[in-house]
Amino acid sequence: MTWVAVRPDASLAAVLVIILFLTPVEGYAVRAGRALKLGKEKVTYLHFFLHDTISGENPTAVQVANPNSTRFPFGFGSVFVIDDVLTEAVERSSPVVGNAQGIDVLTGLDKFSLVMTRELPVDFAFTTGKYKGSSFSVMSRNPITETRRELAVVGGRGKFRLARGVAQLTTRLLKYPDAIIEYNVTLFHY
């Protein structure tokens with residue numbers, strides 16, 4: 001192993017220039033001691049609707065843990081497992097493109113702004129079309145009482161390998177506790 005000593009008086013600009021020249025134009029990942037060639041990074045834009053149904057005979061989200069509180073019907077610490085349907089259009093009868101599976105944790109109600117938040121480790125998997133078998137994952141704070149919000153995309157598989165990006169959400173229907181959310185997603189992936 002070779003060590004490189006940097007003098008304390010070396011300029012930050014010089015270090016950044018060296019790092020810039022060492023950055024590859026194409027991506028690589030190491031698996032089992034060998035480089036996995038990823039190719040050029042791509043950008044994909046996705047648009048779909050998530051149907052989150054807690055009420056009724058066929059819920060797509062089920063509460064699996066309750067907090068030790070009676071202040072709210074779904075209070076701080078309520079945990080749900082979800083298998084929400086993703087469709088092409090806002091109507092539930094429109095073609096299904098996939099599903100969102102994961103855990104939904106209600107993390108509170110901000111007493112000053114009345115913003116209810118959820119924490120979402122969720123995988124969005126596509127079951128039809130050119131992205132069939134591929135998915136991306138989000139892990140982000142989701143202030144569900146705000147009409148517009150953003151979630152961080154933190155990974156992906158299949159055609160969305162090593163995805164990162166942002167999902168912009170708009171609530172299209174909120175009939176508490178059920179909701180229809182529009183997703184506009186920008187993915188950077190290999």
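## Getting started

Accessible areas here come from the Shrake-Rupley method with a 1.4 Å probe. By that method, the protein exposes about 12100 Å², and carbon and sulfur atoms supply 60% of this area. Please keep in mind that this is a predicted model.

The protein contains one helix and 11 strands. Reading from the N terminus, the order of elements is α-β-β-β-β-β-β-β-β-β-β-β. Of its 190 residues, 35% count as buried. Among contacts between residues at least 6 apart in sequence, 46% join residues at least 24 apart.

## The nonpolar core

Let us start on the inside. The largest nonpolar core is made of 28 residues. Those with the most contacts inside this core are Leu 46, Phe 48, Phe 124, Phe 136, Tyr 183 and Val 185. Several strands each supply at least two residues of the core, including strand 3 (42–52), strand 5 (79–87), strand 6 (96–109) and strand 7 (116–126). Strand 8 (135–143), strand 9 (148–157), strand 10 (164–175) and strand 11 (178–189) each supply at least two residues as well. Strand 11 gives the most, with five residues.

Which residues does Phe 48 touch, leaving aside its neighbours within four places in sequence? Phe 48 is in contact with Phe 124, Phe 126 and Phe 136, among others. Its contacts also include Leu 86, Thr 87 and Val 97, as well as Ile 181, Glu 182, Tyr 183 and Val 185.

## Strand 11 and its partners

Strand 11 deserves a visit of its own. This strand is mostly covered, as nine of its 12 residues are buried. Strand 11 pairs with strand 3 in the antiparallel sense over 11 bridges. In this strand, Leu 187 is the bridge partner of Thr 44.

Strand 11 also runs antiparallel to strand 10, and 11 bridges join the two. Here Leu 169 stands opposite Tyr 183 of strand 11. A hairpin links strand 10 to strand 11 through two residues.

## Two salt bridges

How many salt bridges does the structure hold? There are two. In one of them, Arg 164 joins Glu 41, with the closest N and O atoms 3.0 Å apart. Arg 164 belongs to strand 10, while Glu 41 sits in the loop between strand 2 (34–39) and strand 3, so this pair ties together parts that are 123 residues apart in sequence. Arg 164 counts as partly exposed, at 42% relative accessibility, and Glu 41 is also partly exposed, with a relative accessible area of 36%.

Glu 182 and Arg 172 also meet through their side chains in a salt bridge, at 2.4 Å from N to O. Glu 182 lies in strand 11 and Arg 172 in strand 10, so the pair ties together parts that are 10 residues apart in sequence. Is Glu 182 buried or exposed? Its relative accessibility is 10%, so Glu 182 counts as buried. Arg 172, in contrast, counts as partly exposed at 46% relative accessibility.

## Out on the surface

Now for the outside. Val 62, Val 64, Val 81 and Ile 103 form a nonpolar patch on the surface, and together they have about 300 Å² of accessible area. Of these residues, Val 62 lies in strand 4 (residues 61–65). Val 62 counts as partly exposed, with 41% relative accessibility.

## Two residues to look up

Pro 121 is found in strand 7 and counts as partly exposed, at 35% relative accessibility. Leaving aside neighbours within four places in sequence, Pro 121 is in contact with Gln 101, Gly 102, Ile 103, Val 138 and Met 139. Pro 121 and Arg 141 are 20 residues apart along the chain, and their C-alpha atoms are separated by 9.4 Å.

Leu 162 can be found in the loop between strand 9 and strand 10. Its phi is near 60°, a positive value in a residue other than glycine. With a relative accessible area of 47%, Leu 162 is partly exposed.

Definitions and conventions. Residues numbered from 1 in each chain as written. Predicted model: local features only at pLDDT ≥ 70, side-chain atom pairs only at ≥ 80, totals over all residues. Heavy atoms only, no water. Core = buried A, V, L, I, M, F, W, Y, C linked by side-chain atoms within 4.5 Å. Buried < 20%, exposed > 50% of the residue type's maximum accessible area, 1.4 Å probe, protein only. Helix = DSSP H or I, 4+ residues; strand = E, 2+ residues; numbered from the N terminus. Contact = heavy atoms within 4.5 Å. Patch = residues over 30% accessible without salt bridge, like charges linked within 9 Å, V, L, I, M, F, W, Y side chains within 5 Å. Salt bridge = Lys/Arg side-chain N within 4 Å of Asp/Glu carboxyl O. Pairing = 2+ DSSP bridges.
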